[in-house]
Amino acid sequence: MLFDMTTAGLNWRTALGAQRKRKAPLPSPLTLYWLGFSVSSAAYILHVLLGNNLPMISTTLAVIGLAPCGMAWLYSRALFRAGAENETWPHALVAALYGLGLLFMVFPGASSHGLMGYLASVYHLLSSAMLLLTLLEPLDGLSKSQKDRRFRIIFAVGYTAILGTGFVVALPEMEMVREPARAVLASTALIGTTIALHFRSAHPLERRARKPERMQPIGEHADLAIRLNEALHRKQVYLDPELKVADLAQLLGTAEYKLSQCITGELGFNNFNQLVNSYRISEAKRRFSDAQFDTLPILTIAMDCGFASIGPFNRAFKADMGVTPSAFRSRSKALRTKA
């Protein structure tokens, strides 16, 4: 029947108690990292502009302004490394760096004695490492598409220019203009990261996700992977836009952590969302290639396939196929016409 798959999705929604209100999609990790970097950089700039005129406000801004170095690294990782937002250790490292910065702000004269001296060395080492790693992230992937490679090179050159200028103004003879110069550099970095965010939003990273039809579960969670595969293929649970890993774990009668291990281990996906979206995109491609769905708007197909809004659908589809949904649909129509 024409709407068998849609009906299956509706049945699944009912089984989960689906008449739930749709929520607006949360900002992407990349956007959150950019926001953290922007707030911290803006706080530093305002701190420099205010000086000591308003001590309480200036101190608050100085505390917030400790984070640009760590946030720049997290932002760079998310900008150039697929799945980086799912790793815990970088966040822990940045948190440790920020904590040490706060410590030395509270005890400014204690950084050269005993344990504090050792911690000061760790702080400076971490800061330097993150500055270097922020530069290395775009360089680790220059074999990508030409447009992405150009973007990475421009980012690396711009960052190197800012970093190099920062080293110059740190020289003793530049003391008189050091803080204003650093504020200008922070403003430049803020503009650059905003431009980079817009570019990456329009040109998502290519994620090498395994296709649903190629999943060959092996290993510790092989049986769970088979049952998951069946739930996704036959029951089409991915059609529910609010499907969560907890819902699927409950359906399969297993613990959430086991299901997550199965998804990232046996099935080879970066996370639960990537797995589900691969099925949703596969279903959307099927409908775009079927003349019976030609009159339906792209938004309708996207939502019927499990996406809550058009933005995430367009980004996920283009990342998977390299073209927009409308371009894919037009190409499919042209191929049917020639046939």
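Buried means a relative accessible area under 20%. The legends below use the term in this sense for a predicted model.

**Figure 1. Overview of the predicted protein chain.** The secondary structure consists of 15 helices and zero strands. The chain has 339 residues, and 39% of them count as buried. Among contacts with a separation of 6 or more, 68% are between residues 24 or more positions apart. The accessible surface is about 18600 Å², with 64% of this area belonging to carbon and sulfur atoms. Salt bridges in the structure number 11; several of them are shown in the views that follow.

**Figure 2. The salt bridge between arginine 77 and glutamate 137.** The closest N and O atoms of arginine 77 and glutamate 137 are 3.9 Å apart.

**Figure 3. The salt bridge between glutamate 137 and arginine 81.** Here the closest N and O atoms are 3.1 Å apart. Glutamate 137 in helix α6 and arginine 81 in the loop between α4 and α5 (89-106) are 56 residues apart, and the pair links distant parts of the chain.

**Figure 4. A nonpolar surface patch with residues from α6 and α7.** Leu132, Leu136, Leu139, Leu142, Ile153 and Val157 make up the patch, which covers about 490 Å². Two or more residues each are given by α6 (114-139) and α7 (146-169). Helix α6 provides the largest share, three residues. Leucine 139, one of the patch residues, is placed in helix α6. Its relative accessibility of 38% makes leucine 139 partly exposed.

**Figure 5. Packing of α7 against helix α8.** The axes of α7 and α8 (residues 178-202) come within 10 Å and cross at roughly 170°. The two helices are therefore roughly antiparallel to each other, because an angle over 145 degrees counts as such. On the α7 side the residues that meet α8 are Lys147, Asp148, Phe151, Phe155, Ile162, Thr165, Gly166 and Val169. Their counterparts in α8 are Arg178, Ala181, Arg182, Leu185, Thr188, Ala189, Ala196, Phe199 and Arg200.

**Figure 6. The salt bridge between lysine 285 and aspartate 320.** The side chains of lysine 285 and aspartate 320 meet at 3.7 Å, N to O. Lysine 285 lies in helix α12 (residues 272-288) and aspartate 320 in helix α14 (residues 310-321); the pair links distant parts of the chain, 35 residues apart. Aspartate 320 has a relative accessibility of 27% and counts as partly exposed.

**Figure 7. A network of salt bridges.** Glu283, Arg286, Arg287 and Asp290 are the residues linked in this network.

Definitions and conventions:
Residues numbered from 1 in each chain as written. Predicted model: local features only at pLDDT ≥ 70, side-chain atom pairs only at ≥ 80, totals over all residues. Heavy atoms only, no water. Helix = DSSP H or I, 4+ residues; strand = E, 2+ residues; numbered from the N terminus. Buried < 20%, exposed > 50% of the residue type's maximum accessible area, 1.4 Å probe, protein only. Contact = heavy atoms within 4.5 Å. Areas by Shrake-Rupley, 256 points an atom, 1.4 Å probe, with all protein chains shown as cover. Patch = residues over 30% accessible without salt bridge, like charges linked within 9 Å, V, L, I, M, F, W, Y side chains within 5 Å. Salt bridge = Lys/Arg side-chain N within 4 Å of Asp/Glu carboxyl O. Axes fitted to C-alpha atoms, helices over the stretch in contact; angles between N-to-C directions. Parallel < 35°, antiparallel > 145°, perpendicular 65-115°, else oblique.
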